[in-house]
Structure formats: structure tokens, C-alpha cells
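Below are some notes on the model, set down as numbered points for discussion. Please read them with the coordinates open.

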Amino acid sequence: MAALSTQPHSHGAVVPVASRAEHFTSYDVDAFEVPGGREEIWRFTPLKRLAGLHSGAAATGSAAVEVNAPEGVTVETVGRDDDRLGKAGVPGDRVAAQAYSSFSDATIVTLPGDAKSEPATVTVTGPGAGAVAYGHIQVKASQFAEGTVILDFRGSGAYAENVEFLVADGAHLTVIAIHDWADDAVHVSQHHMKLGRDATLRHTVVTLGGDVVRVTPVVQYAGRGGDAELFGLYFADAGQHQEHRPFIDHAQPNCRSNVVYKGALQGDGAHAVWIGDVLIRVAAEGTETFELNRNLILTDGARADSVPNLEIETGEIEGAGHASATGRFDDEQLFYLQARGIPEEQARRLVVRGFFQELIAKIAVPEVRERLEAAIEAELEAVGA
Amino acid sequence: MATLEIKDLHVSVVSEDAPKEILKGVDLTIKAGETHAIMGPNGSGKSTLSYAIAGHPKYTITSGTVTLDGEDVLEMSVDERARAGLFLAMQYPVEVPGVSMSNFLRTAATAVRGEAPNLRHWVKEVKGAMADLDIDPAFAERSVNEGFSGGEKKRHEILQLGLLQPKIAILDETDSGLDVDALRVVSEGVNRYKANGEVGVMLITHYTRILKYIQPDFVHVFAGGRIVESGGRELADVLESEGYVKYTGSKEAATLS
């Protein structure tokens, strides 16, 4: 899609190569070919910068996982043979399968059923510059559980992982994954989300740091009435590659999904990629879904690719839609604010903050909200916008 | 005593091919205490005049001067012009998603006044100003102009006029699209602003109806990118009965009848 189009994406402009339903998945890394870069799911990713995560790089270090859990929330470190693992989904690309084949131990965080828990924070620190690590995390919200889990990614190195979110019947889980990596970090991650009957998941991805960050959140429903909201907020600076590939697989009736990803880009070589797939299978009658991606390009030299794909196999749905728009800074907004005496720099900040406000307002943890507001301010300071 | 002085102003707009001259030598002086109605047919360049004075980047000044109390306005950035005491109530106010009206108003007032207004006084001031314009207090928490009706946008332009108290206000077709009640409320807002200080008003309009509420001291007919005739209130009455035919050669009414 054009990097600088302010036109809304037109329907039918993008025809998926194959149905998302035929997308290959496997736990076994050897079941996947080493990607060469021309494959549909890899064509936007700079493979040369992946530190071999896609081509069989062995682990040379490990990522430290530290969990700050409130009362009632249990944390376990388990071996790779624990039979609770791998239940939320199957790796959908070679790097996810490599991570699944390579991790040595996994962290399982369980929110107690029928209770409201305080937020838990899982801090993952990369293996260090030049090192490669694989990991696995599972977050489980038991039946009627209610709580928030913050994933905080920091540090250096190359790190691939699978994160599972099992949301049991009637549970309400809020997830905030913050990618605040050091400048050198490479992170390829698949999030597997499985929602039980009447389960609610609000999943927010924040991507700020890192050299290459590629996150693939996949939602599946195990029963009726599931409700998934996927939000994303990213800020790509010069040279950064940030790729988000949400996929909602509607295979159960009467479920709902809403995807909103917004990003700002600035600086030479800043690249954001958003591939939003929604599949409504024959059985998924009564589905209601919407997906939206918006990119705000602040300077020359930045590029955003945005591809929404919506496949509908049944006509018996509540509603389905998608929208994508990538635009430059709106000069009319700037003029209006400046015409009221607000200096240009301050006016730009107001507009960018306003752009993200809708998503930031939805983050219910005040410390995280403040951290993001500060991070956005810092990004804007950096470029002098 | 504020004075806005426009001398031989020529303005072009950059269109797809060549720049197109829209203003062809505008001369106008507005002093504090005066209200000047600028009346003219569509396409005569009235709005261009207002945007050029405010500093919209789309317009290029090719010659002429604009000064406010002797200071060169054209040398100033858009925000400097506003802080110097110019205000443009826009015909099509811009939506700014995610920025609340209250945050916007306070940021603007802080910029124009040079210091943040005392919070308690400010809240009271805004509430009062909103009530005067029949604006629901809930608008304070909505994004700037987002989803506002045409009339709601115009009320908010006048709300800003009242709070920012500029030396010279340019009202660009503030009356367009307003129903009778809204026109009255908005006009009363302009009259309160005039009564509050020694200020000058440039009232740009296509129709005479707003002049029933806001008394002009001078009426100028604008056609073909310049002022072609000036007079007092009586000129508006002539326009009301005869339209702009004398100036344009085509029949275009100055009333809504």
C-alpha cells in the first residue's frame, strides 16, 4: 500500500495469496523452510537483521524472566516437557517454531478463578548484545478470573518466543506488552490467545524500542461469546523496523473482535508494517469484527505498510469492517492550533498526543499510562518535532 | 489603540500548475472601536484575505504590507500573529481528534496571555463563557470540533474569541449555516467581545442578515480581489436590495430571500 496515501484503503485492493485458513502451523521448526524473504509472511521483514532467528541460530544465552506477582497469582518455572504448554495455539512461522523447539524452560503465570487480582508484571530482559535466546511464557486466567498482566521487554540481544494467553470461560484478562528494548535488540514473538466461552481479552501491544520487533498476535475462540480487543501503539524512529501482524480467527459463533493499531513514524528508514488478518469461518455466525490501522508520518524518509485482509465465509454475521489510513501530519490541524497562539512545536505535540490519546485512555494501569505518555514526549523531543 | 493596516496587498494561491493571484491590491485600515463589514460575492477573495492575514501556508503574499500597531504582521509566524492580538474565527473550523476542548482552550489562553490562567478563575471563566453561548458544559471534554455540527463549531469559535480577547478579530462568514437562534447567540457573543474592550472587528459575510445584529461602522464591497466600494451602514441596505450585480455583472443576491 502506498506509504503516503491519506485515502482510506479501498475494498478489494488487497487479495490474499491464499486463504488464511490454509496458513501452515507446526510446533516443529524443521517442518518450515528457511525463509528467503519473498514469502508472503516474510516479505516485509529484514531477514538479514534477524541474527539468524529464522535460519537455525542456536541459543547462546538466555533471557531473564522476572515476575512481580500480587497475592493469589501463582508463578511457576517449568520444563519444556510440561504438558500444559502449547495449548493456546501452534506456531505459525519458522521463528515461532524455532522458539518452541529451542526454549529450555517456561514461565507459567496463573490468575486465580472467580477473583479479582492486582496487576502482575513479567519483566523479560534480553540475553545481551550479540547473544541469541529463546523463551516461552504462558499466562492463564482461570474461570471468572479478572486481572491484568504487564509484559515488559527490555535489554539487548536477539530473542524469539511464544507467549500463550489462555482465557478461561467468563474470565476477563487485560494484557499490556511493552517492547522497550535497547537499540540493538531483535525480537520476534508470537502471541497465542485462546478465549473460552464469554471470555474477554483486552490485549495491547506497545512497541517503542529495538532494531527489529515483529509481533504476531493470534486470537482463537474456544466457545461462544468471546470478546477480544487488540490494541497497538507504536513509535518507529530512524532505522527501526516494527512489524505487527494480528490475526483473528473467528471459528465460533457470536464472538466479537476489535483491532485498533496506531503508529507514528519519524526519521530515515523508520519502517512500520501492519498486516491485519481477520477470518470469519462458516461456523462463526453472529460475528462482529472491525480492524483499523492508522499511521502518522512525521518526517521524510519513514515508510508505513498497512495491509488489512478480511475473509468472510458466512453471510450470517453482525458486522465486519476494516480501515487503514497513512498520512502526513495534518497541516490544517497545525494551522488551527497555531492560529490560537499555540507555538508550532507545542501544537505538533498536541496533535501527536491526540492521535494516540484514544488508545492511551484505554490503558487502565496509571503507571503504564504515565510511562507511555512520557515515552511519547521523549520520542518527540528526540526529533525536535 | 490597536490599528490593523493593510496596504496594497497582493496574494496568490499555489494551485496545481501556476500560482493564481487572488487578492489584487487590498487597502484597509481597521482601528480599535470600529467594525468593518466586508461583503462580496462568492469567489471574490474575502476568505483569502482573512487566511492571508492569519498566515495560512497555502497563500503567498506577493506584495503589499500588513501591520498591527506598526509591527510587520507578515514577518510573524502564525502563532506569533495570534499572540500579537489577531484572531481569525474560521468558516470551517478544523477537527483535532484526541485533544479535548478544555485542554485546547487552556493551552491557547496560556500562550496568548503569556502565563497559565489561575485554575479556579479559569474554570469559572470558561463555564460562564460557555453558558453565555448556550454551549453544553459536556463539550469541554470532547475533542476539538470533532463531530460538532456547523452551528456548534461557530459557537466554539466565538467562545475562543471571548476567552482570548484579541485586539483585532476577523470573522470569516461566521453567520454561514446558522439558524436564527444560533445567529442571535453568536452575534451577542461578538457584541459582548466588542463591549469588553477597545477592539476592532473585520466581519466577512456574503449576506446582510448578520448586520441586523452586529452594527457595522463601515461597509466595504469586495469583488475581483479588492475593495471596490466603501461606505457606511447604508451601503449594506443598497446591497440588500440590489445585490452584487453592479460589481460582478451577474445576479447574486445579498439576501437569503
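1. Gln346(A) is partly exposed, its relative accessible area being 37%; the model is a predicted one. This residue belongs to helix α3 of chain A, which covers residues 344-360. Between the C-alpha atoms of Gln346(A) and Val132(A) there are 41 Å, and the two residues are 214 apart along the chain.

2. On the annotation: the unreviewed UniProt entry lists residues 129-355 of chain A as "domain: SUF system FeS cluster assembly SufBD core". That stretch of chain A is 59% strand and 9% helix.

3. How do α2(A) and α3(A) pack? Their axes are 9 Å apart and the angle is about 125°. Angles of 65 to 115 degrees count as roughly perpendicular and those over 145 as roughly antiparallel, and α2(A) and α3(A) are therefore oblique to each other. The crossing of this pair is right-handed. From α2(A), the contact is made by Gln333(A), Leu334(A), Leu337(A) and Gln338(A). From α3(A), Glu344(A), Ala347(A), Arg348(A), Leu350(A) and Val351(A) take part. Helix α2(A) itself spans residues 331-338.

4. Which residues of chain A does Asp79(B) touch? Leaving aside neighbours within four places in sequence, Asp79(B) is in contact with Gln338(A), Gly341(A), Ile342(A), Pro343(A) and Glu344(A). The side chains of Asp79(B) and Gln338(A) are joined by a polar contact of 2.7 Å. Asp79(B) sits in helix α2 of chain B, residues 78-84. With a relative accessible area of 6%, Asp79(B) is buried, because buried means under 20%.

5. Helix α3 (residues 101-113) and helix α5 (residues 150-164) of chain B cross at roughly 35°, their axes coming within 10 Å. The crossing of α3(B) and α5(B) is right-handed. On the α3(B) side the contact is made by Met101(B), Phe104(B), Leu105(B), Ala108(B), Ala109(B), Val112(B) and Arg113(B). On the α5(B) side it is made by His156(B), Leu159(B), Gln160(B), Leu163(B) and Leu164(B).

6. Is helix α1 of chain B mostly covered or mostly open? Helix α1(B), residues 46-54, is mostly covered, with eight of its nine residues buried. Among the buried ones are Leu49(B), Tyr51(B) and Ile53(B), and also Lys46(B). After α1(B) comes Gly55(B), which has a positive phi near 100°.

7. Asp198(A), not a glycine, has a positive phi of about 55°. Asp198(A) is placed in the loop between β9 (186-195) and β10 (200-207) of chain A. Its relative accessible area is 44%, so Asp198(A) is partly exposed.

8. The other is Asp69(B), a residue other than glycine whose phi is positive, near 50°. Asp69(B) lies in the loop between β4 (59-68) and β5 (71-72) of chain B. Asp69(B) counts as partly exposed because its relative accessibility is 36%, which falls between the 20% limit for buried and the 50% limit for exposed.

Note on methods
Residues are numbered from 1 along each chain as its sequence is written. Chains are lettered from A and ligands numbered from 1 in the order in which they are written. This is a predicted model: local features need pLDDT of at least 70, side-chain atom pairs count only at pLDDT 80 or more; totals for chains, interfaces and linings use all residues. Side-chain values use heavy atoms; hydrogens and water are left out. UniProt positions are given in the numbering used here, feature names are shortened, and annotations may be inferred rather than shown by experiment. Helices (H or I, at least four residues) and strands (E, at least two) are DSSP runs, numbered from the N terminus. Buried means under 20% relative accessible area, exposed over 50%, partly exposed in between (1.4 Å probe, protein chains only). A polar contact is a pair of N or O atoms within 3.5 Å; within protein, one must be able to donate a hydrogen and the other to accept it, and residues adjacent in sequence count only if both atoms are side-chain atoms. Contact means heavy atoms within 4.5 Å. Axes are lines fitted to C-alpha atoms, for helices over the stretch in contact, and angles run from 0 to 180 degrees between N-to-C directions. Angles under 35 degrees count as roughly parallel, over 145 as roughly antiparallel, 65 to 115 as roughly perpendicular and the rest as oblique. A crossing is left-handed if the near helix is turned anticlockwise from the far one by less than a right angle, and right-handed if clockwise.
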